[in-house]
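Visitor: Could you take me on a close look at a single part of this model? I would enjoy one connected account of how that part sits among its neighbours.

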Amino acid sequence: MNNSPFLYESAEYEYISCDLCGRSDSEILNTKDRNNLIVRTCICKHCGLIFINPRMTRQWYVRYYQGEYRAQLARFKLKPLVNSDYEAAFKSATRHGMGLFSLINPYIAKGLTIEVGSSIGGVLNGFKESLNVDVLGIEPSSDEAEFAANKGIKTYNSLIEDFRENIPMASNIICSQSLNHLLSPRFFLEWAYSHLENDGRIILEVQNFRHVYKHYKYMTRAIQIDHTFMFVPETLENFVDAAGFDILFMDVDENKDKKGIGINKGLCLPALHIRLVGKKSKRLPFHKDLSCLNKYVEVFNSLEDVKGSYLYYLYKYELKKSLKARLMNMRASISSKR
Ligand SMILES: [Zn+2]
């Protein structure tokens, strides 16, 4: 691991065109991320896809994930996932996998189930236990891939872009909480299309950018440098449809009442997400590149409708967090003196 400090100012950046419709006409929504880094978030003025532009080059994102990523996470979760946490995290992710399975059970196919960005293999383990099928993970972190393999979840240690193994066609391909991080969701969706049997299913679980914004009432809190793409239900549906899938099921936390949120918790599903199941159709992915639906006005207006309040965010989240951190430091220093 590279332990030298990660300097964002020295990173190389690149401008990209929209990954969904291919156009280069976008509007700036925000200029910072939740860690106060200079991150420019744009919305495509045709399809409404939201993404970071310019963004670090692939080589710099690889360096970022080697160390800086964990430090950034630590600021929000206090305790990032490290080797000693894997056992507990595996159990929790297994419950998540079983919950997801029970929610989408009527829409999935029985057969080989692949997860891209499978981490320590818990979600796949949940599917394996519920569906009794072969599972296979693809995960870029070598530690996490090794742990999953030791738990009996066959896992290839690779980025999806570099994956060259000859594997059987799948019945289901899952991407849970990873689509935001990909440098090209289009690449992944095309890959999934070409590795699914006819009528095979794509299963996505993705954070809803607008819902996070609504929750914190502060758009910057919904932006993080590793979320190269940000989705709302309208653009996710648009993307999956353009990639040659028919949408069978969508579950949007943003539309739920307290009871619905309670059901989510019972199923151990992450909050503020969108869950989608699509069936591979006979339409080839992105066969009419520039004809995907125009969602720009709809998505842009829906963000304008959110009543943002930095003071609300500051009081409810930042101040509470800094008090909690101070309290923990005081407790640690008292117990070290004993
Ligand atoms: Zn676009």
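Predicted model: local features only at pLDDT ≥ 70, side-chain atom pairs only at ≥ 80, totals over all residues.

Guide: Gladly! Two strands pair if DSSP finds at least two bridges between them. β13 and β10 pair in the antiparallel sense over seven bridges, and here Arg201 stands opposite Lys279 of β13. β12 also pairs with β13, again in the antiparallel sense and over seven bridges; in that pairing, Val252 has Ile274 of β13 as its bridge partner. Seven of the eight residues of β13 are buried, so the strand is largely enclosed by the rest of the structure.

Now to helix α7, which spans residues 233-242. Eight of its ten residues are buried, so α7 too is largely enclosed by the rest of the structure. The buried residues are Pro233, Thr235, Leu236, Glu237, Asn238, Phe239, Val240 and Ala242. What do these buried residues of α7 pack against? Their partners include β13 (273-280) together with the strands that pair with it, β10 (196-207) and β12 (245-252). Just after α7 comes Gly244, whose phi is positive, at about 95 degrees.

Technical notes: Residues numbered from 1 in each chain as written. Buried ≥ 20, exposed ≤ 12 C-beta atoms within 10 Å, placed from the backbone. Helix = DSSP H or I, 4+ residues; strand = E, 2+ residues; numbered from the N terminus. Contact = placed C-beta atoms within 7 Å.
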